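Hello,

Here is the structure I promised to pass on. Please open it first, then read my notes below.

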Amino acid sequence: MSNQSNVYDALKILSRGILRVMVIDSNVEGHQQEKEEEGILGLFTQSDIIRFLASNPYWLNFVPNSNKKLNELKIFDNLFEKVVLIEQSSPAYLAFKKIAESNSPGLVVVDSDGRVVASLSANCSML
């Protein structure tokens, strides 16, 4: 993605489940690069958007319905009917197997008393 791309284009890419997008300098042409990393400005991530909006809430004023409650936006209408759970004592491979079998983006980790202790997604690399 070019550093000249607009925010909406970036959001469309990230909304497809892509976690990060390489941002390149649109002023550097590939054949003029002396090093492979020249022209690469960095990675733009879903977390970057969240951090930006949390630090700059006035941007949300430009978004219709940004002051509505989550249940009013019907965000949860397309989510899974059942939350996938796994006990904290379960092996990690079982957690990832359960994610794959349930076709869920993640699951909730609970302790032996059923209290939530964490969440886990298929993209987690730290356990």
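Start with the helix α4, which lies across β3, β4 and β5 and runs at about 65° to β5. Keep in mind that this is a predicted model.

The three strands form an open sheet in the order β3-β4-β5, with mixed pairing. Its edge strands are β3 and β5 (116-121), each pairing on one side only. From one strand to the next, the twist averages 30°. β3 and β4 are joined in the parallel sense, over three bridges. Across that pair, Ile 86 stands opposite Val 109 in β4.

Next, the core. The largest nonpolar core has seven residues: Val 84, Ile 86, Ala 95, Ile 99, Leu 107, Val 109 and Leu 120. Look at Ile 99 in particular. Leaving out residues up to four places away in sequence, Ile 99 touches Ser 104, Pro 105, Gly 106, Leu 107, Leu 120, Ser 121 and Ala 122.

Two loop residues are also worth a look.

- Ser 90 sits in the loop between β3 (85-87) and α4 (92-102). Its relative accessibility is 27%, so Ser 90 counts as partly exposed. Ser 90 and Val 109 are 19 residues apart in sequence, and their C-alpha atoms are 9.2 Å apart.
- Asp 25 is in the loop between β1 (20-24) and β2 (40-45). Asp 25 counts as buried because its relative accessibility is 18%, and the cut-off for buried is under 20%. Beyond its neighbours within four places in sequence, Asp 25 contacts Asn 3, Gly 39 and Leu 41.

Best wishes

Key:
Residues numbered from 1 in each chain as written. Predicted model: local features only at pLDDT ≥ 70, side-chain atom pairs only at ≥ 80, totals over all residues. Heavy atoms only, no water. Helix = DSSP H or I, 4+ residues; strand = E, 2+ residues; numbered from the N terminus. Buried < 20%, exposed > 50% of the residue type's maximum accessible area, 1.4 Å probe, protein only. Contact = heavy atoms within 4.5 Å. Core = buried A, V, L, I, M, F, W, Y, C linked by side-chain atoms within 4.5 Å. Pairing = 2+ DSSP bridges. Axes fitted to C-alpha atoms, helices over the stretch in contact; angles between N-to-C directions.
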